[in-house]
Amino acid sequence: MSEPVLSVRNLVAGYEPGVPIVRGASIDVAEKEIVVVLGPNGAGKSSFIKAIAGLVPVESGKVELAGKDITRAPAHNMVRLGLAFVPQTENVFPLMSVEDNLKVAGGILKPKEVPARIEEMYATFPDLARHRRIAAGNLSGGQRQMLAVARALIVHPKLLVLDEPSAGLSPKFVSMVFEMLTDIRKSGVTILLVEQNAKAALAIGDRAYVLVEGKDRHEGVASELWNDPVVAELYLGQRPATPRTGGTA
Ligand SMILES: Nc1ncnc2c1ncn2[C@@H]1O[C@H](COP(=O)(O)OP(=O)(O)OP(=O)(O)O)[C@@H](O)[C@H]1O
Ligand SMILES: [Mg+2]
């Protein structure tokens, strides 16, 4: 593989010193890939990508973005470094209009570039153009996720990282979000995605990792993982998984 866009090595991270939630996880994301992180509830998937994005303290290990060490870079610098993170919730300013949400997100661009870039986002997401004067809090769940993603993309990130973009959406909006991610990848953006909706995520992903108890336990081609017995055991619970406590994760 050519130099990965994202390389994470033996990441250990947690909310309190000495209480690791992420316990030595390693992944790679190559240019223009969609990589999915799956795993049971509480496996540490959100904590893992938050640690990558500078939102959870890292105890040890290394995070590199396009060859540059970004381990422990503060979250507010990540966008400038090229990593755009879309959290699961509270990913838009609900009282601001759609357009103002995009303006704020474009804050690190040169001011004269912002209007054209907003128009490009409207061209990509026509629903947002139609609702540009609406407060973001009044959008549908699917449109809100679209805005959250547009806010991330407006600055031309090297890597788009998303935490469960389909969570809480009705089936119609779930397909809309996954189609949107497929289109975004076609436009050349590299994507790292955490999803509960394993089937839909594996359908659009190139490769996936299964995270169990804070560690990457299995990796494979997305299209094959759905039928992989190891995944069934680790994740889908068809056979008893590793005990949650006392295990050697
Ligand atoms: N802010 C926090 N402070 C302390 N512990 C936390 C915090 N957030 C999460 N945790 C703990 O970290 C562990 C992993 O949680 P995390 O949310 O990363 O898992 P997850 O795999 O994303 O789960 P889910 O599938 O439910 O989203 C859990 O035990 C959780 O209680
Ligand atoms: Mg989570």
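Two strands count as paired if DSSP finds at least two bridges between them, and the strands themselves are DSSP runs (E, at least two residues), numbered from the N terminus. The model is predicted, so local features need pLDDT of at least 70 and side-chain atom pairs count only at pLDDT 80 or more, while totals for chains, interfaces and linings use all residues. Residues are numbered from 1 along each chain as its sequence is written, ligands are numbered from 1 in the order in which they are written, and side-chain values use heavy atoms, with hydrogens and water left out.

**View 1. Strand 6 beside strand 7.** These two strands run parallel and are joined by 4 bridges, with strand 7 covering residues 159-163. Within strand 6, Ala 84 stands opposite Leu 160 of strand 7.

**View 2. The surroundings of ligand 1.**

**View 3. Polar contacts of ligand 1.** A polar contact is a pair of N or O atoms within 3.5 Å. Oxygen atoms of ligand 1 lie 3.2 Å from a polar backbone atom of Ala 43, 3.0 Å from a backbone N or O atom of Gly 44, and 2.8 Å from an N or O atom in the side chain of Ser 46.

Note on methods
A polar contact is a pair of N or O atoms within 3.5 Å; within protein, one must be able to donate a hydrogen and the other to accept it, and residues adjacent in sequence count only if both atoms are side-chain atoms.
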